[in-house]
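Hi everyone, thanks for making time for this. I'd like to walk you through one structure today, so please have a look at it while I talk.

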Amino acid sequence: MCGIVGYIGKRDVAPLLLEGLQRLEYRGYDSAGIALHAGGKTGGLKSAKAKGRVRELESRLPKRFNGTTGIAHTRWATHGAPNDVNAHPHLDADEKVAVVHNGIIDNAADLRTRLTAEGFVFVSDTDTEVLAHLIARSEAGTLEEKVREAVGHIEGTYGIAVLHADFPDRIVVARNGSPVVLGIGEKEMFVSSDVAALVSHTRQVVTLDDGEMATLRADDYRTYTTEGSSTSAQPTTVEWEAESYDMGGHDTYMHKEIHEQADAVDRALRGRIDDRFSTVHLGGLNLDARDARAVRRVKILGCGTSYHAGQIGAQMIEELARIPADAEPASEFRYRNPVVDPDTLYIAVSQSGETYDVLAAVQELKRKGARVLGLVNVVGSAIARETDGGIYVHAGPEVCVVSTKCFTNMVVSFGLLALHLGRTRDLSVADGKRIIEGLRKLPGQIEEILANEAQIEELAKEYAEAKSMMFIGRVRGYPVAREASLKLKEVSYIHAEAYPASELKHGPLALIEPAMPTVAIVPDDELLEKNRAALEEIKARSGRILAVAHQVQEKADHTIVVPKNEDELDAILMGIPLQLFAYYTAKAMGRDIDKPRNLAKSVTVE
Ligand code: G6P
């Protein structure tokens, strides 16, 4: 949520920062802005900001807007409306200090009152502006000390980058709870909140820890704590290729990412299957067989799509390992003073590894002595670092705000974990083998589903006229219905709700009429007849039905047929056509598919 990018070197900084902002735009797109050292005789800072997208900012940049050192930001509004004034960077009254900030300053109101009483004049409604004034107010001799002093007054979370007119040879950055990554170039340095903005320039990065700061100069960098003692953060190499962030001939990232799923699943399986013992190796789990056997419950925590992946994961773990398991939104869990049980294995699931509610739940659990694993996509992210071990889902970078390939890889990774836990317990060799065969079939079956794109496009055009849709499923199909309903509403803005098929008659059946279509998940498993009965109930009320099933459903108006896998793994595949359905519905409605209104990819605030 929100993106920071900065550069110091010899190149013209504005185009570089604009390119970085484009790469980060998926994190927030309410406004954007740039500040740079103007250099030359007059020196000083220059800044430009604009409400809306980065292209808006680009069209508004002043003619002479040159320099070789600058910082920039793309914003997802928290404090204050999304307008020009509230856009970052924020400057002090003398325009000596410019700050870009991700995170939330909890005591901003108090600081604002104090600073106003001292005569500082605030121009924006943001929490960030207090930082610009605090840094300007500091009488310390160096920029590092000024920033240190300023962040000392702050309660809350921040990832910041700071320019100061009197210190044109450096950018100072600091991190507490919001990511800051340095990019190490040849006689040039970059900083960003996300490697997405760095990989086209360098793959050598340094990820700051909470409580860490850094000074960037064109030819070196230094890291130290907010207390001032040096740290020795070492560069690592980013695995993801710059090309992974390009659209690669697709019209949107969503379309591209849906089509990457066969490869992504293949990557999640690669090197992990152990045919000899009909199980899987999960290197980073840090859970030996004895630990695995001691687990009495599994509790999965995540938000949004990741929470739905967790619901499917919990079912797989119960089925294959026979360990009681459930999933809960991390945002609810952390506020209900949960009973933390030493025999429960907690699993935090997150694409970004940054979602604040998930991170806060992990920290609370660890404080209470729980064992927490991460099921995460972004390597080295905060949640990956805070957990005791885990599984990287290897989906590759996901740029579209709504998650598709990462969801699928999360569910596959849960399948691997369920198999692993199952094989340390009572899952037989034969069943282990059966599940492995099922897993191996997934990439080919995903290709088969995607080959059916034209049918799904036609259906989506037809259903796009609905004002509201119902999604139903039973047991394994229910979380699939929930995720498909979320996908549709996020990207098309059509109201959708998901219900267990068995619960229809307890209320939602009242909504069924021809104008309210139902999307039904109908796997060929032991509940097939029960699901068919639900279709009958809907048909009897003249409801239209679109079924996703393993065979054509007579009662349905349309069926999207998907290939059958093992019963326990069917949920992985059944949602995939509905990703395309959501995509084509949104397309038919002319929606901004990669950047739905009001949303952001990584929600790093509460
Ligand atoms: C945001 C995104 C969702 C995502 C959720 C959790 O709300 O818009 O697509 O599912 O955050 O994100 P995470 O990175 O933790 O998986």
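Let me begin with a question: in which loop is Ser 352 found? Have a quick look before I tell you. Ser 352 is in the loop that runs between β19 and α11, where α11 covers 356-367. Please keep in mind throughout that this is a predicted model.

Now, is Ser 352 buried or exposed? Its relative accessible area is 5%, so Ser 352 is buried; the cut-off for that word is under 20%. A polar atom of the Ser 352 side chain lies 3.1 Å from the backbone nitrogen of Glu 354. The side chain of Ser 352 also makes a polar contact, at 3.5 Å, with the side chain of Thr 355.

That brings us to the ligand. How many residues surround the ligand? There are 13, and the closest are Ser 306, Ser 350, Gln 351, Ser 352 and Thr 355.

Let's look at some distances here. Ser 306 has a polar side-chain atom 2.6 Å from an oxygen atom of the ligand. For Ser 352, a polar side-chain atom is likewise found 2.6 Å from a ligand oxygen. Thr 355 places a polar side-chain atom 2.4 Å from an oxygen atom of the ligand. On its own the ligand would expose 390 Å², and the protein buries 89% of that. Which helix gives the largest share of the shell around the ligand? That is helix α9, residues 304-321, which supplies 3 residues.

Let's zoom out for a moment. The protein chain is divided into domain 1 (3-241), domain 2 (247-451) and domain 3 (453-594). Between the C-alpha centres of domain 1 and domain 3 there are 45 Å.

Next, the aromatic rings. A search of the whole structure turns up 4 aromatic pairs, and I'll show you two of them. In the pair of Phe 333 and Tyr 346, the ring centres are 6.2 Å apart and the planes meet at 55°, so this pair is tilted. Phe 333 is in helix α10 (residues 330-333) and Tyr 346 is in strand β19 (residues 344-350), so the pair ties together parts that are 13 residues apart in sequence. Phe 333 is buried, at a relative accessible area of 2%, and Tyr 346 is buried too, at 3%.

The other pair is Tyr 463 with Phe 581, and this one is edge-to-face, with 6.0 Å from centre to centre and 65° between the planes. Here the pair links distant parts of the chain: Tyr 463 sits in helix α15 (residues 453-463) and Phe 581 in helix α19 (residues 576-588), 118 residues apart. Tyr 463 is buried, with a relative accessible area of 0%, and Phe 581 is buried with 1%.

The charged end of Arg 544 sits over the ring of Tyr 463, 4.5 Å from its centre.

To finish, a few backbone details. Most residues other than glycine have a negative phi, and most peptide bonds are trans. With that in mind, which peptide bond here is cis, with omega near 0°? It is the bond from His 88 to Pro 89. Pro 89 lies in the loop between β4 (69-75) and β5 (90-91).

Then there is Val 475, which is not a glycine but has a positive phi of about 45°. You'll find Val 475 in the loop between β22 (468-473) and α16 (477-492), and at 48% relative accessibility it counts as partly exposed. Ser 542 is not a glycine either, and its phi is positive at about 60°. Ser 542 belongs to the loop between α17 (528-540) and β25 (545-549), and it counts as partly exposed at 45% relative accessibility.

Note on methods
Residues are numbered from 1 along each chain as its sequence is written. This is a predicted model: local features need pLDDT of at least 70, side-chain atom pairs count only at pLDDT 80 or more; totals for chains, interfaces and linings use all residues. Side-chain values use heavy atoms; hydrogens and water are left out. Domain bounds come from an automatic or database domain assignment. Rings of Phe, Tyr and Trp (its six-membered ring) pair if their centres lie within 6.5 Å; planes under 30 degrees apart count as stacked, over 60 as edge-to-face and the rest as tilted. Helices (H or I, at least four residues) and strands (E, at least two) are DSSP runs, numbered from the N terminus. Buried means under 20% relative accessible area, exposed over 50%, partly exposed in between (1.4 Å probe, protein chains only). A charge sits over a ring if NZ of Lys or CZ of Arg is within 6 Å of the ring centre and within 35 degrees of the ring normal. A residue is near a molecule or strand if one of its heavy atoms lies within 4 Å of it. A polar contact is a pair of N or O atoms within 3.5 Å; within protein, one must be able to donate a hydrogen and the other to accept it, and residues adjacent in sequence count only if both atoms are side-chain atoms. Accessible areas come from the Shrake-Rupley method with a 1.4 Å probe; for residues, only the protein chains shown count as cover.
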